[in-house]
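Let's take a look at how side chains pair up in a protein model. Have the sequence and the 3D view ready, and follow along.

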Amino acid sequence: MKAFRHDACERTKSNVLKLRMKYGAAGYGVYMMLLERLAMEPKLRHDMDYDALAYEFQESADMIRHIVEDFDLFIIDVETETFSHEELTSQMATKARRAREEKLLDEFIERRLESPRWAENMAYVHKTSPERVKALLQCSFRDKILSTYTFLPSSSDLGHILSDLIKSTFPPKDD
C-alpha cells in the first residue's frame, strides 16, 4: 500500500489522547511511523520485533511495545506474534478495488488507441492532430476519470465522457 488515510482528528481520539498524555508528540510520531510501517507490509501486519522497530525509529523498544500493546490502537495476534491496525486493513479492500478499476480504465484507453482509425477520425472531425487526441486520451481523460469518479463508470459512459471531453477540448473553429 503506497499510501493510507487517517482521520484529520486522529490525535484527538481517546486512546490516542492517552498515548499523547504519556509520550507526548514523540509517542504520536511513533504511532504514525508504526502505521506507515504496517502500510508497507504486503499483509498489513508486522512482527512484534520491538528491537528492530526501535532501531528503525530511533526510539526505545519499551516505548514501542507500550504503544503497540497498551493503548488499544492495534490488533495483536498472539499466535503469530504480529500486530495490525483495523482501519488500515479495511482500506486494503478499497485500494484493491480501485487498482482493478484503474486497470479496466487503462484497458479501455488501450482499446481506443489500438483501433487503427479511431484517433485519425477524431482528429479529422475536430480539426486537430491524431497525436493531440491520443495525448488527451492518455492524460487528461485518465486523470479526469480517476479524480472525478469514486467508482469507474460503465464502458458506454466512459465513451460519452471521452466524447464530451474531446468536444470541449477541440471546439469547432470558425472558417
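Helices here are DSSP runs (H or I, at least four residues), as are strands (E, at least two), and they're numbered from the N terminus. This is a predicted model, where local features need pLDDT of at least 70, side-chain atom pairs count only at pLDDT 80 or more, and totals for chains, interfaces and linings use all residues. Residues are numbered from 1 along each chain as its sequence is written, and side-chain values use heavy atoms, with hydrogens and water left out.

Let's start with charges. Side chains of opposite charge can pair when their charged atoms come close. For a salt bridge, a side-chain nitrogen of Lys or Arg has to lie within 4 Å of a carboxyl oxygen of Asp or Glu. The structure has 13 of these, and here are some of them:

| Salt bridge | N to O distance |
|---|---|
| Glutamate 87 and lysine 13 | 3.0 Å |
| Arginine 65 and aspartate 62 | 3.2 Å |
| Arginine 65 and glutamate 69 | 3.5 Å |

Why are arginine 65 and glutamate 69 separated by about one helical turn? Because they sit 4 residues apart in helix H3. Aspartate 62 is also about one helical turn from arginine 65, since those two are 3 residues apart in H3 (residues 61-70).

Now for accessibility: buried means under 20% relative accessible area, exposed means over 50%, and partly exposed is in between (1.4 Å probe, protein chains only). Arginine 65 is partly exposed at 28%, aspartate 62 is partly exposed at 44%, and glutamate 69 is partly exposed at 30%.

Salt bridges with shared partners also tie Asp7, Glu10, Lys13 and Glu87 into one network.

On to the rings. Rings of Phe, Tyr and Trp (its six-membered ring) pair if their centres lie within 6.5 Å; planes under 30 degrees apart are stacked, over 60 edge-to-face, and the rest tilted. That rule gives 5 aromatic pairs. In one of them, tyrosine 28 and tyrosine 31 have ring centres 6.2 Å apart and planes at 50°, so the pair is tilted. They are 3 residues apart in helix H1 (residues 14-40), which puts about one helical turn between them. Are they buried or exposed? Tyrosine 28 is buried at 19%, and tyrosine 31 is buried at 1%.

Phenylalanine 108 and phenylalanine 141 make another tilted pair, with centres 5.9 Å apart and planes at 35°. This pair links distant parts of the chain: phenylalanine 108 is in helix H4 (residues 86-114) and phenylalanine 141 in helix H6 (residues 130-148), 33 residues apart.
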